[in-house]
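The chain is shown below for reference.

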Amino acid sequence: MKKLDVITIGRSSVDLYGGQVGGRLEDMSSFDKYIGGSPTNMACGTARLGLKSGLITRVGDEHMGRFIREELERHGVDTEGVITDPARLTALVLLGIRDQEQFPLIFYRENCADMALCEDDIDAAFIASSKALVATGTHLSHPRTEAAVLKALTLARDSGAKTALDIDYRPNLWGLSGHGDGENRFIASDKVTAKLQSTLHLFDLIVGTEEEFHIAGGSTDTIEALRNVRKVSSATLVCKRGPMGAVAFEDAVPGSLDEGISGPGFPIEVFNVLGAGDGFMSGLLKGWVTGEDWVTSLTYANACGAFAVSRHGCTPAYPSWEELQFFLKRGIVRKDLRNDNELEQIHWSTNRRRSHGGDWSTMRVFAFDHRIQLEEIADAAGAPHSRIGPFKDLCLDAALAVADGGSGYGILCDSRLGRDALYRTAGTGLWIGHPVEWPASRPLTLEPEIGPDFGGLAEWPREHVVKVLCFYHPDDPETIKAEQEDILKRLFAACRRNRLELLLEVIPSKVGPVDDGTTAEIIRRVYEIGIYPDWWKLEPMTSHEAWAQSCNAVTENDPYIRGIVVLGLEAPEAELAASFERAARFPLVKGFAVGRTIFADAARKWLAGEIGDAEASADMAARYRRLCRIWDDARAEARLNEAEGISA
């Protein structure tokens, strides 16, 4: 039994993608940061499709190297073969989308980390743990990296693994043109052809565009080039033909590309061709490694390539397995796939759980994002509002003490009064919720920092979850309802544009009477107007029926929702325990987000000068720890009852 399905070997980089589309790279003023490099893209692309993937490469001992490693881990890629190079920097690539034909890019790869990969980096046991090894052409361009690749290929073949080559020809990475020629895909070179042909016999699968087979086969006639490759290799040859799909040749190469094995193509609008080949290869590997026939494998590949050319970025564009299956079953609704809302929702929701890290199957959240309430407590204690920030630091201390590095813990904290605590939370492993609503506003308005165009969200770290509280009731006057829904729709769009998750909190009981169906009605309305929160934060409902209706309203609209958390409303601990017991019976409810029950007493005493920092933090930690235990016990009891067939 092998623990991995596929290992890729070669380039890894940070891609800085120009945010402005339709202009020169010289004029682009902002960039989105993604992981890149063909082997790295393929490792993530195959992992998204459900394969157990690994990568062999080198990264620098700096922020960009750690970014690549963390992103790989968030995608579920095995990083045992990722070496940290203390002497070299991680490679960078600057890319842009000028139009449908021009995609300027600059490789920053002078003495970069991944080009220092050497034979000593190749571990025989790691290679033997995989069913397949995939190499790319760039690492055959230098004696040191070539030696590493050849060692890996020999070990893979000795262990019974399949081997594949993505020709991945970039002339300037072979030293054939200058730094400004990164977009060029073909320059004839007898030297490159000879180098490639000296290794082609080592592969069971060789994949490339027509131009890439031209360099591998030493001819600009595609059929002749393929036949030249066939002379030195018995591999299955897969030739990519752009919008015409791809063809596979298992044996002799016929007189026409049309005579090869093919899968259906997907006529979609081309937005960005960069990284399309790696998406294609990810789909092809999914079929090849799992034993599908070539028609099926090429279908996967063509579809994944279609996704890649329709979106911004390389790795971020690749589909999940659920998304691919949905697309193949439903088909194309609109050719600009990035504007297909149904498809984009599945893309977002089935990939986010790997891209943000953490295990959020249990949510124990200490909420101290309160602003008005703490200002009122400070006023009553005669303390200046400037003391609220230091108190929130103590709240964070309590949260960190309880979490103690474990998973499933988080905070809600604002950036107006709690900025220092919010900044300190970065990198701690805590789930971070960050509110945007102006406290107690109805109709809903947002904190000034968000801005009238919601542009303030562009400054937020990706790990922050946008939390918005809306006092909303189905019986609201139409004017209030329309105004609040407009804000929520714009906020949702801004969150997606900035790749931020959204937690929507609704509290209908504060503005009208409620029954078992009130919250469910609100939930259905939110989905009806096109808003798909990643999280819901709901009142501690008192009946099983109310919870059942609410959970059903969520799952019938969004089967990929992260979950629901229960708010506290400053209820005493005993009341919270009872509400937890009811909510924990529903697997969709992941935990709680409670604040004043934890911090209110300590805040009053600390702001009044009656207790010190250590006592305040310890008191909150004790209360938070008890609530965590109460939730965990309630969930464990619910699971036990379910296992024993006891009705809720």
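## Cysteines

The structure, which is a predicted model, holds zero disulfides. A disulfide would require a pair of cysteine sulfur atoms within 2.5 Å. The sulfur of Cys239 is too far for a bond, because the closest cysteine sulfur, that of Cys304, is 19 Å away. For Cys395 the closest cysteine sulfur belongs to Cys413, at 8.1 Å, and this too is too far for a bond.

Cys239 is buried, with a relative accessible area of 0%, and Cys395 is likewise buried, with a relative accessible area of 0%.

## The four-strand sheet

Four strands, in the order S3-S2-S6-S7, make up an open sheet with mixed pairing. Its edges are strand S3 (31–36) and strand S7 (105–108), and since each has a single partner strand, one side of each is left without a neighbour in the sheet. On average, neighbouring strands of this sheet are turned by 20° against each other, direction ignored.

Strand S2 (residues 13–21) runs antiparallel to S3 and is joined to it by six bridges; Leu16 stands opposite Lys33 in S3. Helix H2 (residues 63–74) lies across S2, S3 and strand S6 (91–97), and runs at about 65° to S3.

## The nine-strand sheet

A further open sheet, also with mixed pairing, has nine strands in the order S5-S4-S1-S8-S9-S10-S11-S12-S13. Strand S5 (82–85) and strand S13 (261–262) stand at its edges with a single partner strand each, so one side of each is left without a neighbour in the sheet. Within this order, strand S11 (residues 236–240) pairs with strand S12 (residues 246–249) in the antiparallel sense over four bridges, and Val238 stands opposite Ala248 in S12.

Helix H2 also lies across strand S4 (53–60) and S5, running at about 170° to S4. Helix H4 (residues 143–158) lies across strand S1 (6–9), strand S8 (132–136) and strand S9 (162–166), at about 160° to S8.

In soluble globular proteins, nonpolar side chains tend to be buried together. The largest nonpolar core has 88 residues, of which Phe366, Phe391, Leu457, Leu491, Trp536, Trp547 and Met620 touch the most other members. Helix H13 (residues 388–403) gives the most to this core, with nine residues. Apart from it lies another core, of 40 residues, including Leu133, Val149, Phe213 and Leu226.

When residues up to four places away in sequence are not counted, the residues that Phe366 touches include Cys395, Ala398, Ala399, Ile598, Phe599, Met620 and Tyr624.

Technical notes
Residues numbered from 1 in each chain as written. Predicted model: local features only at pLDDT ≥ 70, side-chain atom pairs only at ≥ 80, totals over all residues. Heavy atoms only, no water. Pairing = 2+ DSSP bridges. Helix = DSSP H or I, 4+ residues; strand = E, 2+ residues; numbered from the N terminus. Axes fitted to C-alpha atoms, helices over the stretch in contact; angles between N-to-C directions. Contact = heavy atoms within 4.5 Å. Core = buried A, V, L, I, M, F, W, Y, C linked by side-chain atoms within 4.5 Å. Buried < 20%, exposed > 50% of the residue type's maximum accessible area, 1.4 Å probe, protein only.
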